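Subject: Handover of a structure and what was found in it

Dear colleague,

Please find the structure below for your study.

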Amino acid sequence: MNKSTKIATLVMTVTVFSSMIMTACQSNQTSPTEPSETTKTTAETSQKDKTTPDEKQIQAIRSQFQNATPAHWGEKMPGIISKLPTSEKVIALTFDACGGKHGDGYDAELIQYLQENQIPATLFLNARWIESHPELTKQLANNPLFEIENHGSEHRPLSINGRSVYGIQGTQNLDGIIQEIIVNHRLIEKMTGRAPRFFRAGTAYYDDIAVQVAKQLDEQIAGFHITGDAGATFNQVQVKNAMLQAKPGSIILLHMNQPRGNTAEGIKEAIPLLKKQGYRFVKMDPYIPTQPS
Ligand SMILES: [Zn+2]
């Protein structure tokens, strides 16, 4: 506490370190309502330092990108993380929960398997899914096996000019991009007490402006190295075969919201085989450095 106070005082006087200061001040302000520091792991403590973007940050983004023209559109481009930066034999399983009319399910069998076998995973929850499953969201967030990340507010591809993909309308403008990120960012922070660090858009498509905007909003774009279930449409063998393509650091994209699909069945086959090859499973957060402010 003494150290934080000193840092805060120093910050007031040294404008060069304004962003660092802001982080320290904000964590001080929010700490009284948070759970005891002693109950948190190191990773959780570092995550807690991320705070919801404020109006000043959003205004700065509006000025910076209002007239920006996108040059790229896709699932992979600089600034999108598709692998963990490591040569260790680790794999990040990531599960999207998309929400909406056809995406509101919960694959209890899958999550139960992960829990029984102590397999960590990163869960990308959409705001609509969270609103349908508030208690479940809290339970998952409280389970140290899982980390909760941002799968968007309305599940739209992030476009500054309304591009679509797979028939899904993208965001229409800069404010659309900002809203798609921060509405769910704030919801997750409110529901779980932890601000998300990673964003994955509905469809996982972006233009390069959106990738930069997300970064300015303190979220990094989580892409993928392997599509594990193709929107939960793969059969059991296809899921297994896709997962067996993993390399050290692979991020595998799967779904936890389609219990009628074959994702759980495929995973149950692939995980023991990958373990035999010497792989272990990790959450994204500990492997991705926090971005410089
Ligand atoms: Zn989705």
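In this predicted model, α10 and helix α11 (residues 263-276) pack at an angle of about 35 degrees, and their axes are 7 Å apart. Helices here are DSSP runs of H or I with at least four residues, strands are runs of E with at least two, and both are numbered from the N terminus. Two packed helices are described by the angle between their axes and the distance between the axes. The axes are lines fitted to C-alpha atoms, for helices over the stretch in contact, with angles running from 0 to 180 degrees between N-to-C directions. The crossing of α10 and α11 is right-handed, a word used when the near helix is turned clockwise from the far one by less than a right angle, left-handed being the anticlockwise case.

On the α10 side, Gln 236, Val 239, Lys 240 and Met 243 meet residues of α11, including Thr 263, Ile 267 and Leu 274. Contact requires C-beta atoms, placed from the backbone, to lie within 7 Å. The residues of this contact of α10 with α11 divide into 5 nonpolar, 3 polar and 3 charged. Here Ala, Val, Leu, Ile, Met, Phe, Trp, Tyr, Cys and Pro count as nonpolar, Asp, Glu, Lys and Arg as charged, and the others, Gly among them, as polar.

Two points on conventions are needed. Residues are numbered from 1 along each chain as its sequence is written. Because the model is predicted, local features need pLDDT of at least 70 and side-chain atom pairs count only at pLDDT 80 or more, while totals for chains, interfaces and linings use all residues.

The protein chain has 11 helices and 13 strands. Of its 293 residues, 41% count as buried. A residue is buried if 20 or more other C-beta atoms, placed from the backbone, lie within 10 Å of its own, exposed if 12 or fewer, and partly exposed in between.

The strand β12 (251-255) is mostly covered, as 5 of its 5 residues are buried. Ile 251, Leu 253 and His 255 lie on one side of β12, with Ile 252 and Leu 254 on the other. Strand β3 (residues 90-97) pairs with β12 in the parallel sense over 5 bridges; a pair needs at least two bridges found by DSSP. Strand β11 (residues 226-227) is also parallel to β12, over 2 bridges, and Ile 226 has Ile 252 as its bridge partner. The chain crosses from β11 through α10 to β12 in a right-handed β-α-β crossover, meaning that, with the strands pointing away from the viewer, the path from the first strand over the helix to the second runs clockwise.

Between α10 and β12, a loop holds Lys 247. Is this residue, Lys 247, buried or exposed? Lys 247 is exposed, because 12 other C-beta atoms lie within 10 Å.

Elsewhere, β5 is largely enclosed by the rest of the structure, because 5 of its 5 residues are buried. Strand β4 (residues 121-125) runs parallel to β5 and is joined to it by 5 bridges, with Leu 123 opposite Ile 148.

Finally, most residues other than glycine have a negative phi. His 155 has a positive phi near 65 degrees and is buried, with 21 other C-beta atoms within 10 Å. Thr 203 has a positive phi of about 75 degrees and also counts as buried, with 20 such neighbours.

Yours sincerely

Key. Contact = placed C-beta atoms within 7 Å.
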